[in-house]
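Hi,

Here is the structure I said I would pass on.

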Amino acid sequence: TDRRDQILPKDSQIGVYEIKDTLKISTFDITYRAWNHHLKERVEIQEYFPHDLAIRANGGLNVEPKSPEDKENFEYGLKAFLDQAEALAQIKHPNVVAVENILQLNGTAYLIMIHQEGVPLSRLIQSSSSSMAEAELKFILVSILRALEKVHECKIVHGGIQPATILLSRNGEPILTHFAAARLAIAARTSQLAGEL
């Protein structure tokens, strides 16, 4: 199944949230731009969706394991996703993505994050028109290390730090995004671990 066939269509409703667009499709989740009708604000929603193990049921909102054999790994990854989401919701740090809500619905789970305006570090690096000063790079590195210190105190790991997962916000603050506990949990139970690491 083509991964794009599994995304939620624009205007889909998940509680008070309305899907507006798809931001990213990865092996283990789908991230959407959305609108919170209750608080009247933009959010980003990360949906637990391990493509090798799951399928969208009848083209609707529901997610289910592809087969009975996939059920145990699907549920193990779902638990890791929820555990990570709950830990992230407790972290209040200027360099860690801010969690607004966690929902377990439709056979899956959703991590709702406050939308941050900014540019991924990967895009800045690729741009030939911009170069970064040593002081700026040190600031980014130290900020991310402080964020990781806080994250590790909460007994979670990021699971995929790279320039694409570091967002430079409008005020210049680097923010660590796209945590991947479910990916590592599923990979550890299947033959994918070596490739993921």
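**Salt bridges in the model**

D83 and K79 pair up through their side chains in a salt bridge, at 2.7 Å from N to O. Both sit in helix 1 (residues 71-90), and because they are four residues apart there, about one helical turn separates them. D83 is partly exposed, with a relative accessible area of 36%. Bear in mind that this is a predicted model.

That pair is one of eight salt bridges counted here. Two others are worth a look on screen.

One is R33 with D21, where the closest N and O atoms are 3.0 Å apart. R33 belongs to strand 3 (residues 29-36) and D21 to strand 2 (residues 17-25), so this contact ties together parts that are 12 residues apart in sequence. As for accessibility, R33 comes out at 36% relative accessible area, which makes it partly exposed, and D21 is partly exposed too, at 37%.

The other is R42 with E117, whose closest N and O atoms lie 2.2 Å apart. Here the link is between distant parts of the chain, 75 residues apart: R42 is in strand 4 (residues 41-48), while E117 is in the loop between strand 8 (108-114) and strand 9 (118-120). R42 has a relative accessible area of 43% and is partly exposed. E117, at 29%, also counts as partly exposed, because that class covers values between the 20% limit for buried and the 50% limit for exposed.

Cheers

Conventions
Residues are numbered from 1 along each chain as its sequence is written. This is a predicted model: local features need pLDDT of at least 70, side-chain atom pairs count only at pLDDT 80 or more; totals for chains, interfaces and linings use all residues. Side-chain values use heavy atoms; hydrogens and water are left out. A salt bridge is a side-chain nitrogen of Lys or Arg within 4 Å of a carboxyl oxygen of Asp or Glu. Helices (H or I, at least four residues) and strands (E, at least two) are DSSP runs, numbered from the N terminus. Buried means under 20% relative accessible area, exposed over 50%, partly exposed in between (1.4 Å probe, protein chains only).
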